[in-house]
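We will go from stop to stop.

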Amino acid sequence: MNANVKSIVLVTIVLSLIACLPLLAHHGNAAYEVKTVTLKGTVTAWLWTNPHVLLKLDVKDDGGNIVHWVGELVAPSNMINFGFTAGTLKPGDEITIVTSDVARSGAPIARLAQIVLPNGQIMKTAGKYDGNAFARRDHEANAVK
Amino acid sequence: MHKRFLALSIAAFASLIFAPAVAMHAQYAPVNPDELEVHVDGWNRPIPRIDQLPKNSAPAPRRDISGTWEPAEGWRNGVQAQGAYNYPMDGKHPLPYTPEGEKAWKEHKYGDGFGSYPLAEVNDPFKMCDPIGFPRIDLHDLRAIQIVQTPKKTLVVYENDQVWRSIWTDGRDFPKITEPRWYGYSIGKWADDYTFVVETTGLDERTWIDNTGRPHTKDLKVEEQFHRVNHDLMELTLTIIDPKYYTKPWNALDKYPLRLQTDSFDIREMVCSESEAEIYNKEIAEEAAAAQNQKNQTQKDQNQKNK
């Protein structure tokens, strides 16, 4: 591979990484910070409600104490399109959750990116912004430069 | 050789900057929803996503916008969580506020987008299930709508909040408005065979224009243009006219595309229930606020100790 080709490849890699930046950016809501945490626990409630679906989960911390976590998802109208229903979970289910954001305050509150069902199936959602980052294709055209 | 060195340096620099972030997110990187989503209607039947339906670009029927419509770019495209589609709250789309307009906006503590407030401080009236109102019903969570035309009026039925608007087409004029309404008073006229123009006035000033608290006065006038391009496609332009708060009219939507959905599509419920909102506010907002207060107190105590 000659130097020119190499340069093109490298520049492409760099540009791709830059293009990924918006995906890594903060979700914008002041109450949360981006943080991926994996937690195993027992479901105590699966609330199929507006504005957002909530999951309550009892998780044992390192000291053996039970911590009552609340997971925030998105509206039922969105969740159904990712395969979730009002019956996806029930109290007593042993599951694993993966957070996308956790409360800045330190409260055990999180936004969820994934839920691993008792049967091992991995369920994903698009996260907080209901996919706006993907949906807005022509916004930039209207931006004030 | 020099170029090569430059490219290598850029690459090395980039990997240093980006590698930790990429590695951290690699396993649970945000998912492109297009790859995951199915589309399910209210009857719990998977149906083709609107962008995957066979296209029918036959001419539109004359003076007819009836049918069930969804955002043409996919069901999630009309969510507009960060504000009106054409003016998202991202710091790059300033509105032509008057000083009074800007002042009113600053009193609205919204929960999404650039400069949003912590949940516990948010004073969005829709958060406590006040009616979402017009025009916010077009500018926040615009999902499936059904348009029904009768000889004297046209109805727009919305998935969001399970509400409808009546647009009178019987030639009447606006009433002498003494009672503002959440959804206002609407009159529609055909500008041509494919363009239905609706004017709405008499709007309740407690409502926000969009999810990021853009304010309006009771003198707000909204113009909507439903332009049917062909059988499948309709474009919605929505103009905000409120000289007290905005120095010039602005298009919150500009030819926003909607596509005709199959007529057997069941529009699901999406209702703001007070008891559900209360649970949400308690579990998410109040809990986070309480923890924040405790954290602040601990910090204060610590500072005191260190003195």
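The tour below covers cavities, a pocket, a disulfide and some salt bridges in this predicted model.

**Stop 1: the largest cavity.** There are five cavities of 30 Å³ or more. Start with the largest, at about 550 Å³. Select A:Pro51, A:His52, B:Asp112, B:His140 and B:Asn211, the closest to its centre among 32 lining residues. Colour the lining by class: 13 residues are nonpolar, nine polar and ten charged. Then show helix H5 of chain B, residues 274-306. With three residues, this helix gives the most to the lining.

**Stop 2: the second largest pocket.** This pocket holds about 260 Å³ of space. Select B:Ser166, B:Arg181, B:Gly184, B:Tyr185 and B:Ser186; of the 15 lining residues, these are the closest to the centre. Now show strands E4 (164-168) and E5 (185-192) of chain B, each of which supplies at least two lining residues. The largest share, four residues, is from E4 of chain B. By class, the lining has eight nonpolar, three polar and four charged residues.

**Stop 3: the disulfide.** Counted over all chains, there is one disulfide. Select B:Cys129 and B:Cys272, whose sulfur atoms are 2.1 Å apart. The angle about the S-S bond is -75 degrees, and the link is left-handed. Which parts does the pair tie together? B:Cys129 is in the loop between helices H3 (99-106) and H4 (136-139) of chain B, and B:Cys272 is in the loop between strand E9 (250-260) and H5 of chain B, so the link joins parts 143 residues apart in sequence. Both cysteines are buried.

**Stop 4: a salt bridge in chain A.** The structure has 15 salt bridges over all chains. Select A:Arg111 and A:Glu72, with their closest N and O atoms 3.6 Å apart. A:Arg111 lies in strand E6 (residues 109-116) of chain A and A:Glu72 in strand E4 (residues 66-72) of chain A, so this pair ties together parts 39 residues apart in sequence. Buried or exposed? A:Arg111 is buried at 2% relative accessible area, and A:Glu72 is buried at 1%.

**Stop 5: a salt-bridge network in chain B.** Finish by selecting B:Arg62, B:Arg63 and B:Asp193, which are linked in a network of salt bridges. B:Arg62 meets B:Asp193 at 2.9 Å, N to O. B:Arg62 is exposed, at 55% relative accessible area, while B:Asp193 is partly exposed, at 25%. B:Arg63 meets B:Asp193 at 3.1 Å, N to O. B:Arg63 is in the loop between H2 and E1 of chain B and B:Asp193 in the loop between E5 and E6 of chain B, 130 residues apart. B:Arg63 is partly exposed, at 37%.

Terms used:
Residues are numbered from 1 along each chain as its sequence is written. Chains are lettered from A and ligands numbered from 1 in the order in which they are written. This is a predicted model: local features need pLDDT of at least 70, side-chain atom pairs count only at pLDDT 80 or more; totals for chains, interfaces and linings use all residues. Side-chain values use heavy atoms; hydrogens and water are left out. On a 1 Å grid over the protein atoms alone, a cavity is a set of points where a 1.4 Å probe fits but cannot get out, and a pocket is an open set with protein on both sides within 12 Å along at least five of seven lines; lining residues have an atom within 4 Å of a point. Grid points are joined across faces, edges and corners, and a volume is the space filled by probe spheres set on the points. Ala, Val, Leu, Ile, Met, Phe, Trp, Tyr, Cys and Pro count as nonpolar, Asp, Glu, Lys and Arg as charged, and the others, Gly among them, as polar. A disulfide is a pair of cysteine sulfur atoms within 2.5 Å. Buried means under 20% relative accessible area, exposed over 50%, partly exposed in between (1.4 Å probe, protein chains only). A salt bridge is a side-chain nitrogen of Lys or Arg within 4 Å of a carboxyl oxygen of Asp or Glu.
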